[in-house]
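Could you open the model in your viewer and keep the sequence panel beside it? We will go from stop to stop, selecting as we go.

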Amino acid sequence: MKKIVLIISGLGVLVLLVSGCKKNFLDTKPSSAILQPITLDDFQSLLENVSSVGSPALPTVSADEYDFISYAAYQSTFTATERNAAIWAKDIYAGATNVADWNTPYTAVFYANSVLAGLGKIQNSEANTARYNYLRGWALFQRAFAYYELVDNFSPVYDANTAATDLGVPIKLDPSIDDIQPRATVQKTYDQILSDLNTATPLLVTNIPVNNREQPSKVAAHALLARIYLNLRKYDLAEAQADSVLQVYNKLIDYNTVNLTSAVPFTDTNDELIFYKTAINYNTSTTFINTHITISPALLALYAPNDLRLNIDFVTRPTGAIVSKRQYDGTSTINPFTGLATDEVYLIKAECAARRNDIPTALTYLNGLLINRYVTNMFIPAVASTQADALNKVLLERQKELVWRNLRWDDIKRLNKEGANITLTRLLNGQTYTLPPNDPRYGFPIPDNEIQLSGIPQNNR
């Protein structure tokens, strides 16, 4: 007999569980049979299913990595949410109520909270075993990742001067569906995220589970902390976390060994993959099959002829559209890769070294990455005589290396806080749309039905 899981999305979530030979706690078939998870096997099944809960895709839809093939395609192929996000409209959702960018991270939070609450009730011989502690660390890691993606996308850009008053997101630490929380501040939201990750790290396994990279490790926790601290512009802490990754795991793939013509160039156990995660599905952000958008010609022009990424990362479709191939998730999914990988960590290390004016270290890590991206014997190492030159070279490579991974939007927000003065523009049907630096529209609106349900205040756009 099956016990079924029903998910009610948003801040209030109710779960009915599915069990059989293999439990799938994300099954949503209707049933009156309700069961709470009670064993370590149950909790691991919950966490394994949380790995299929995607990241928000609005950052990819809103960034400057692509153009639409035509205005007709823009009008006819994409949802209202995608069309509005692409031009940075004040109202993105146009009345839509099931907004996966908001709902899916809270689904992950709910499952993590359910595991943590359930583990707290275990008083038998399973308590405090290595497996018990690992599952607790896994749940804390997943909750932290989900809250990071929520506050990163649905709150103002982090600013140490205003974070104590800027509105973050509701923090739920209890799986109860009646636990409706107000919006915490941005600072308190990040405090919770960092607390979860710092608690999780010693509980996780040291090495990456090479055949199950959707399961976190200490390496993954440090990589996520490095990403978060970089986005907070706490560069000394970001570099320390990057060091913690690279001291344990620093593998890179020589792109000369990768099939240039394959639509799936990488396996889901490839050497650079630290933690597996992909975004939710939007027509705009799909990879490989997309024929109605094209990677920005300005972005493509940044690659040198001997740069293997031109052929490994991109493919030309029959319409002439140049789109991203399937990425480091290494599967048949057509959604952007949003997980953690060593190439990103190398670039974090290089940027942070450049920012403290350690040019030799910055170039060592930058060139260590790039020599694996160019045709053998055709790579000319980057050089720099000034801090600004070194930093600009690293930032250029972030833009080229981390395409279609939800990171460009974050970089634009972060760099504009540093004074980069990046203005986004999109031309459609003769009309130019713009998004100025530090505009409040960099924070996506909370879905209207969530505002009505919980009474939390909306973002200023």
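In which helix is L415 found? Select residues 408–417: this is helix 15, and L415 sits in it. Please keep in mind along the way that the model is predicted.

Stay with L415 for a moment and colour by accessibility. L415 counts as buried because its relative accessibility is 10%, and the cut-off for buried is under 20%. For a sense of scale, draw a C-alpha to C-alpha distance from L415 to L40; the two are 44 Å apart in space and 375 residues apart in sequence.

Next, select residues 100–121, which make up helix 5. From first C-alpha to last, this 22-residue helix reaches 31 Å, close to the 32 Å expected at 1.5 Å a residue. Helix 5 is mostly covered, with 18 of its 22 residues buried.

The model has six cavities of 30 Å³ or more. To find the largest cavity, select D313, Q327, E401, V403 and R405, the closest to its centre among 17 lining residues. Its volume is about 170 Å³, and the lining divides into eight nonpolar, two polar and seven charged residues.

For the second largest cavity, pick E149, D152, R227, N406 and D410, which lie nearest its centre. This cavity holds about 110 Å³ of space and is lined by 13 residues. Which helix gives the most to that lining? Highlight residues 130–154: helix 6 does, with five residues. By class, the lining of the second largest cavity has five nonpolar, three polar and five charged residues.

From there, move to an open site, the second largest pocket, with about 270 Å³ of space. Select S155, P156, V157, P440 and N460, the closest to its centre out of 15 lining residues. The lining of this pocket splits into five nonpolar, six polar and four charged residues.

Finally, colour the chain by confidence. The mean pLDDT is 90, and 90% of the residues reach 70 or more. Where pLDDT is low, predicted coordinates should not be read in detail.

Technical notes. Residues are numbered from 1 along each chain as its sequence is written. This is a predicted model: local features need pLDDT of at least 70, side-chain atom pairs count only at pLDDT 80 or more; totals for chains, interfaces and linings use all residues. Side-chain values use heavy atoms; hydrogens and water are left out. On a 1 Å grid over the protein atoms alone, a cavity is a set of points where a 1.4 Å probe fits but cannot get out, and a pocket is an open set with protein on both sides within 12 Å along at least five of seven lines; lining residues have an atom within 4 Å of a point. Grid points are joined across faces, edges and corners, and a volume is the space filled by probe spheres set on the points. Ala, Val, Leu, Ile, Met, Phe, Trp, Tyr, Cys and Pro count as nonpolar, Asp, Glu, Lys and Arg as charged, and the others, Gly among them, as polar. Helices (H or I, at least four residues) and strands (E, at least two) are DSSP runs, numbered from the N terminus. The expected span of a helix is 1.5 Å times one less than its number of residues. Buried means under 20% relative accessible area, exposed over 50%, partly exposed in between (1.4 Å probe, protein chains only). pLDDT is the predictor's confidence in each residue, from 0 to 100.
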